[in-house]
Amino acid sequence: MRCWKCGTEVQAESGPLKILRNDSCAICHNDLHVCKNCRFYDPQYHNECRETQAEWVSDKERANFCEYFEPGSRGGQTSRSGQDARSAFDKLFGD
């Protein structure tokens with residue numbers, strides 16, 4: 001798994017990777033148990049989550065108590081894709 005914010009790889013010391021609610025990135029110190037680090041996170045779905053039974057979380061970048069959280073593999077890509085989209089928009093419509 002990679003941190004959603006800085007893209008730093010997060011590895012388990014032994015066994016499967018387990019992210020607790022108050023775990024944070026060793027580099028940027030942002031929360032890791034967040035929607036943007038979950039394998040179910042998808043901005044194109046209702047509530048930005050592919051897990052239909054999960055409760056709505058208002059802040060996708062802060063630690064939460066979601067029972068369906070599973071470490072994802074897209075960390076660090078969400079902020080980059082937003083920058084890419086903004087860049088493409090600016091090129092189209094310019095100042």
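Reader: Which side chain meets arginine 50 in a salt bridge?

Author: Side chains of opposite charge can pair when their charged atoms come close. A salt bridge here is a side-chain nitrogen of Lys or Arg within 4 Å of a carboxyl oxygen of Asp or Glu. Arginine 50 meets aspartate 42, at 3.8 Å from N to O. This is a predicted model, in which local features need pLDDT of at least 70 and side-chain atom pairs count only at pLDDT 80 or more, while totals for chains, interfaces and linings use all residues. Residues are numbered from 1 along each chain as its sequence is written, and side-chain values use heavy atoms, with hydrogens and water left out.

Reader: Is aspartate 42 buried or exposed?

Author: Buried means under 20% relative accessible area, exposed over 50%, and partly exposed in between (1.4 Å probe, protein chains only). Aspartate 42 has 15% relative accessibility and counts as buried, whereas arginine 50 is partly exposed at 33%.

Reader: How many salt bridges does the structure hold?

Author: There are three. In one of them, glutamate 61 pairs with lysine 36, with 2.6 Å between the closest N and O atoms. Both residues lie in the segment before α1 (77-93), so the pair ties together parts that are 25 residues apart in sequence. Helices such as this are DSSP runs (H or I, at least four residues), numbered from the N terminus. Lysine 36 is buried at 16%, and glutamate 61 is partly exposed at 33%.

Arginine 39 and glutamate 70 also form a salt bridge, at 2.5 Å from N to O. This pair links parts of the segment before α1 that are 31 residues apart.

Reader: Which residues lie nearest the centre of the largest cavity?

Author: Rolling a probe the size of a water molecule over the atoms shows where empty space is left. On a 1 Å grid over the protein atoms alone, a cavity is a set of points where a 1.4 Å probe fits but cannot get out; lining residues have an atom within 4 Å of a point. A volume is the space filled by probe spheres set on the points, which are joined across faces, edges and corners. Of the 16 residues lining the largest cavity, Cys35, Cys49, Ala54, Val57 and Cys66 lie nearest its centre. The space in the largest cavity is about 140 Å³.

Reader: How many cavities of 30 Å³ or more are there?

Author: The count comes to two.

Note on methods: On a 1 Å grid over the protein atoms alone, a cavity is a set of points where a 1.4 Å probe fits but cannot get out, and a pocket is an open set with protein on both sides within 12 Å along at least five of seven lines; lining residues have an atom within 4 Å of a point. Helices (H or I, at least four residues) and strands (E, at least two) are DSSP runs, numbered from the N terminus.
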